[in-house]
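Work through each task with the structure open, then compare with the solution.

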Amino acid sequence: MPADLHLLPKLRDRLSYVYIEHAVVEREESAIAVYDDDGFTQIPIASIALLMLGPGTKISHAAIDILARNNCLAAWVGEGAVRMYAFGTGGTHSAVRLMRQAELVSDPPARLRVVRKLYGMRFPEALSDDLSIEQLRGKEGLRVRSAYKEAAEKYGVEWSGRNYDRNAWQGSDPVNRALSAANACLYGVCHTAILSMGFSPALGFIHTGKQLSFVYDVADLYKLDIAVPAAFSAAKEGADQIDRRVRLAMRDRFRESRFLSQVSLDLMSLFADDLPDEELEVYDDDPALPADLWGPEDDCNSSSNSETSTEG
């Protein structure tokens, strides 16, 4: 059985992530142990939100089991954690939030309301209700370009615009590589929060059509405050090991800003108008418990004692 979700630290109280590469990960009692050329390191997994498994990593079945029991997302990523290839399961077995998210994204007026709310969370000033989506996108573009320019001036980094080729990583200039690395860390942690809280990373409101559309929606709330300063600060120090330095800087900023706590609060705020209070805090400790049965007229009917349960 999974650990009691009521007893595990909440997402907002956890550390952000641990990145591992060229190592073997095994279970060590109620934690995991990492074996590499430097020896042995035990990681208290219940306090970690995300375990990034980089190149050269081997992980045992028992280690994956203890990660799942402690609501720690496992993600298989590229070198330097700059790309995510696959991920494990989230931290709730309830579908209440996911169902509500699907309803909102499928109803154009409701979706537009969430889009406006997301844009509103990016700007310190109140946005006029008269602004069209195109005007909001224009304001956002101006905000981002201004932030890049200000960061370049602050850190003394030459800046000629956001320009990178995913198929020619080393062909980008250092600051663009640093921005990509910082954004990848941000995506990973936002992805963790979204899954852990029972939402879908694919059902975006501003972005659409990708498996990570909602991750991009959420990450864009924080890019200019967290990823951009970390990237330009690292670029100021040169190109040597810039991926690693950005990753460490992002880790420190996540911890210092209690980032997971902020993401948790913002996600709840985003859906607060559309989810009753009792549905904002949902737990479902037993993934094997038969689900309710849907009816066209009213609320779901419990299947716990139903002869029509799909469980054999």
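**Exercise 1.** In which hand, left-handed or right-handed, does α4 pass α7?

*Solution.* The model is predicted, so to speak of local features a pLDDT of at least 70 is needed, side-chain atom pairs count only at pLDDT 80 or more, and totals for chains, interfaces and linings use all residues. Residues are numbered from 1 along each chain as its sequence is written, and side-chain values use heavy atoms, with hydrogens and water left out.

Step 1. Locate the helices (DSSP runs of H or I, at least four residues, numbered from the N terminus): α4 covers residues 133–155 and α7 residues 223–236.

Step 2. Their axes come within 10 Å and cross at roughly 35 degrees. Axes are lines fitted to C-alpha atoms over the stretch in contact, and angles run from 0 to 180 degrees between N-to-C directions.

Step 3. The crossing of α4 and α7 is right-handed, a term for a near helix turned clockwise from the far one by less than a right angle.

**Exercise 2.** Which residues of α4 and α7 make the contact?

*Solution.* Step 1. Contact requires heavy atoms within 4.5 Å. From α4 come Arg 143, Val 144, Ala 147, Tyr 148, Ala 151, Ala 152 and Tyr 155. From α7 come Leu 224, Val 228, Pro 229, Phe 232, Ser 233 and Lys 236.

Step 1. Sorted by class, the contact has 10 nonpolar, one polar and two charged residues.

**Exercise 3.** Is Glu 140 buried or exposed, and what does its side chain make a polar contact with?

*Solution.* Step 1. Glu 140, in helix α4, counts as buried because its relative accessibility is 10%; buried means under 20% relative accessible area, exposed over 50%, partly exposed in between (1.4 Å probe, protein chains only).

Step 1. Its side chain makes a polar contact (here a donor and an acceptor, N or O, within 3.5 Å) with the side chain of Arg 122, at 2.7 Å.

Step 2. Glu 140 also forms a salt bridge with Arg 143, with the closest N and O atoms 2.9 Å apart. A salt bridge is a side-chain nitrogen of Lys or Arg within 4 Å of a carboxyl oxygen of Asp or Glu.

Step 3. A network of salt bridges links Arg 122, Glu 140, Arg 143, Asp 220 and Lys 223.

**Exercise 4.** What parts does the pair Glu 125 and Lys 139 tie together?

*Solution.* Step 1. Their side chains meet in a salt bridge (3.9 Å, N to O).

Step 1. Glu 125 lies in the loop between α3 and α4 and Lys 139 in helix α4, so the pair joins parts 14 residues apart in sequence.

Definitions and conventions
Helices (H or I, at least four residues) and strands (E, at least two) are DSSP runs, numbered from the N terminus. Ala, Val, Leu, Ile, Met, Phe, Trp, Tyr, Cys and Pro count as nonpolar, Asp, Glu, Lys and Arg as charged, and the others, Gly among them, as polar.
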